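Please look through the sequence and the structure shown here before reading on. The report that follows takes up the surface, the fold and the pairing of the copies in turn.

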Protein chains: 2
Amino acid sequence: MKSYQEMSKEELLKEKEALEAEYQKIQTMGLNLDMSRGKPSAEQLTLSEDLLDVVNSRNTLKSEDGIDVRNYGTLEGIPEARRLIGEMLDCDPDQVIIYGNSSLNIMYDQVARGELSGYMGNTPWCRLDKVKFLCPVPGYDRHFAITQEFGIEMINIPMTQNGPDMDLVEQYVNTDPAVKGIWCVPKYSNPQGVVYSDETVRRFANLKPAAPDFRIFWDNAYVVHHLYEDEQAEILNIMKECELAGNPDMVFQFCSTSKVTFPGSGIAALAASPANIADIKKRLSIQTIGHDKINQLRHVAYFKDMEGIRSHMKKHADIMRPKFEMLEELFREELASRGIGSWVSPKGGYFISLEVLPGCAKAIVDKCKQAGVVLTGAGAPFPYGRDPEDRVLRIAPTYPSMEELKQAAAVFVTIVRLASAEKLILEK
Amino acid sequence: MKSYQEMSKEELLKEKEALEAEYQKIQTMGLNLDMSRGKPSAEQLTLSEDLLDVVNSRNTLKSEDGIDVRNYGTLEGIPEARRLIGEMLDCDPDQVIIYGNSSLNIMYDQVARGELSGYMGNTPWCRLDKVKFLCPVPGYDRHFAITQEFGIEMINIPMTQNGPDMDLVEQYVNTDPAVKGIWCVPKYSNPQGVVYSDETVRRFANLKPAAPDFRIFWDNAYVVHHLYEDEQAEILNIMKECELAGNPDMVFQFCSTSKVTFPGSGIAALAASPANIADIKKRLSIQTIGHDKINQLRHVAYFKDMEGIRSHMKKHADIMRPKFEMLEELFREELASRGIGSWVSPKGGYFISLEVLPGCAKAIVDKCKQAGVVLTGAGAPFPYGRDPEDRVLRIAPTYPSMEELKQAAAVFVTIVRLASAEKLILEK
C-alpha cells in the first residue's frame, strides 16, 4: 500500500474526500463507545467472583500466627499476605507492607511524606525552594497528577524501547540535588508496554544521586499482567540490584491486585529496604491503626500462592489478548501500512500507545468525540497534559466488549486517516 | 468508710503495710492482663460475622444506580452507603464521602491537606511560621499524635461536664489566626464519656474564628455507641448549627463502623458542607480512584438502614454494659468511698477515665505493669504525653473477658489504694 507520505496532494485530497464522507456517515450513527478506560471488563471481573465466598462466617478469621483479622492492628499486614506479595515481587516478606485497596494512594502518601516529613531524617521537601521529579514520557497520567498536586517540577524523559533514556536520567539524578524522584512502570509500561531491559535496571540501581533522599518510584503495576503465555517479560529485581550496588534505600516498589481481582477491592502493597520500611511504619502508625485484614485473608485464601495468581492471570489474558490482537491487526492494516501510526507491540499491561503524525493527536481525539467514541485526552500521558509533539494516543482495549471495541476501532482508524490526510495536505 | 484524706499518718502507714503485702502476693501470681486497649472483644466481633456472607458471588454486585461495585471509580462512595451514613450523622447524603476502613486515616489526610494544600484556597499551613490546634484534655492520644507529627503546637483545653471549656475555646479561636483546628469527640468523649451539651455545640457553631481556615474536627466516633437503651445521649447537629450560624464550612465530621462491625474492615466517612466536599473531592481524586465499594455494599446489605444499626448496637451494649457496671461498682466501693478516685459515669463509648490523686497516675501504671496488668500509659490522653497533674488513667473495659477484667480490676484498685496511701503519707 502507498504511504500517505508518498501520495501526491491530489491523491491525498481524494482520500480526504472519501474519508470525510465516511466520517459524516459515522456521525449520524449515534455511537456511544469508549476506549479511554484502563479498566478490566465485566467479563474479567467475573473471573474473581469466588473471592467473595472464600472468607465467610464459617471461617476462623485468624491469620496463620493467630491474629484475629476482624480486630484492630497489624499495621504491616498479616504474614501470609506479605508472603504472597513478597513472592509476587520476589522479595523478603519483611520488606513488604500491605495497605488498602489502592497502590496509587500509597504512592501519593509516599510523595506527601517526602513533602511533609522527609525520608529517613532528610529535610521535608516543603521546606526546599525547588523539588523536581523525572517523568519518563509517555507515562501514567495519575503519577504526574500527584507530583503536580504538590507543585513538584516535572521533567520529561523520553522513553526508548528499553526504558527511559538512561543517559538523561543519570545526568539529572547524579548532578541535581533538587531531583528527588522518578516515576517508573518497569514492566509493560503505561501506556507503551515497554519492558525495561536488564541494562536499564542496572543503570537505575547504580545511580549516584546528588540528593541523599532521591527515590525511584517503581510502580510494578503489571508485574503479573502478561498477555502471552510464551512471551512473559521478566525484569531484573530492582531491590536486589540496588542492594548489590550499595543503594539499598533508593527504591520504593508498589503493586496491587487491582487488575488481578477487583479494582475497587483488591489489596495494594509497598516493598522497600528494611531502613525504609522502618521509617514508613513509624509514619504510617500515626495515620492508621491498620488496613483491611479480612480482605488480605480473602486474597490469600483465594490464591494460596503465586501459582494461583499465575493461573488466574492466564484467564484474564485469554479475555484481553484477542482485543489487543484485533486492534494491532487493524492498526497494521490501516495505519502502519499508510505510514501514519506506529506503536510498541505490547506483551502485557493495559494499553496500546499509538504514535500518529505530529500535530494530529488532539484533532483525532476531538473528531472521535464528535463521532461518539471517547479516547483518553491527547496529552494525558505527559506532565501538565502537554504532549510536545501532539502525537501520542493512549488506547485502552480492555473495558469494552469485543463487538464494541471493533466498532470503536473502525471509527478510530478512519479518523486517524482523515486527520493524517488533512495534516499532510496542509504541508504539501 | 473513712477517706484516706481523713486518715492519720499512722492509719495510712498501717493501710500501706497491708496493701504492700497484698501487692507482693499479686506479683507472684504471674498475671498477664490488659485494660489498655479500646478494642471490641472477640464476643462483640462475632456479632457481625454474617456481614461476611451478605455479599457473595451470587449477588449482582451493582449499586442501586447500576454502578459495578467491583470496578474502579465512584470516589464519593455508592449512593446507598452515603445514605446510610447520612442517616447516622443526620445529614444530606451529598454531604458524605465514604472512604476506606479508617476514620483516623481521614483525619490524618485532612490535617495533611491543611499543611500541604490548604482548605478552599487558603494558604497551606506548611508555609506558615506557626500553626496551633486546641486539644480538649483528657482526649484521644491518636488525635494528638497526628498534630504532633506535623509539628503543630497543641494547646490544652480543660474538659468540663458539658464539653471543652468554651470560654477558653472562644478566646483562642476568635483572637488567634494561628489556631487552625480543634479536636472534638462530642458524644461519649474519649476517654471521659462526656456528652457535649446543647450550649457547647451552639457556642462551637457560633465561633468567630480569626483564621478563615479554622476547622472543628468533629470525630463522632461513638455516635451510635450507647451503653443504655434508656439513657441515649443526643447531641445537637453541629453541621446544621454551623449553617444556622453562618459558618457552614467550619466543621469536618468523621465517623466509622469500626466499632459497629469490624475494626479492621468497616467503612469510614467524612461529612462536611458542599464547599468543603467539593474541595476535598478535588484533592482526593489525585490520591485514589475510589475506595472499597464491595465493602460499602456489604455494610448496606447487612444493616439495610439506621434501624438495623441501632438494633445491632444494642447487642454490643449488652456485652459491654456489665463490664462497665462491674468496674464502676468496684471503683465506687474501693476508690470513691476512700476519696482516691473520681470519674464521669459513661453512658456510652469505650472508656472510663479515672482521676486519681495528683502525682499518682504514673506510679499506678508502673506498679500495675510489674503485677502483669497493662494499662494505657499515664499521660497518653494529653498532648505530648504530658498529664500536667499526673492524675488521669484511661481504663478500657471492653477487650478482656469479664473474668479477666474482674481479675485485672481487683489488682488495679489495690494498686490505686497503695499508690494513694504512699502519696498521702509523704504529704503528712
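## Surface and charge

In this predicted model, chain A exposes about 15,600 Å², and carbon and sulfur atoms supply 47% of that area. Turning to charge, chain A carries 49 positive side chains and 61 negative ones, while the centres of these two sets lie 3 Å apart.

## Fold and overall shape

Chain A is built with 13 helices and 12 strands. Its radius of gyration is 23 Å, close to the 22 Å that the globule rule gives for 428 residues, and chain A is therefore as compact as a globular protein of that length. Taken along the principal axes, the box filled by the C-alpha atoms of chain A is roughly 75 × 55 × 35 Å.

Of the 428 residues in chain A, 63% are buried, where buried stands for a relative accessible area under 20%.

## How the two copies are related

In general, two copies of a chain are related by a rotation about an axis and a shift along it.

Which surface do the copies meet through? Because 100% of the interface residues of chain B are also interface residues in chain A, the copies meet through the same surface.

Key
Residues numbered from 1 in each chain as written. Chains lettered and ligands numbered in written order. Predicted model: local features only at pLDDT ≥ 70, side-chain atom pairs only at ≥ 80, totals over all residues. Heavy atoms only, no water. Helix = DSSP H or I, 4+ residues; strand = E, 2+ residues; numbered from the N terminus. Rg over C-alpha atoms; globule rule 2.2 N^0.38 Å. Buried < 20%, exposed > 50% of the residue type's maximum accessible area, 1.4 Å probe, protein only. Areas by Shrake-Rupley, 256 points an atom, 1.4 Å probe, with all protein chains shown as cover. Lys, Arg positive; Asp, Glu negative; His and termini not counted. Charge placed at Lys NZ, Arg CZ, Asp CG, Glu CD. Contact = heavy atoms within 4.5 Å.
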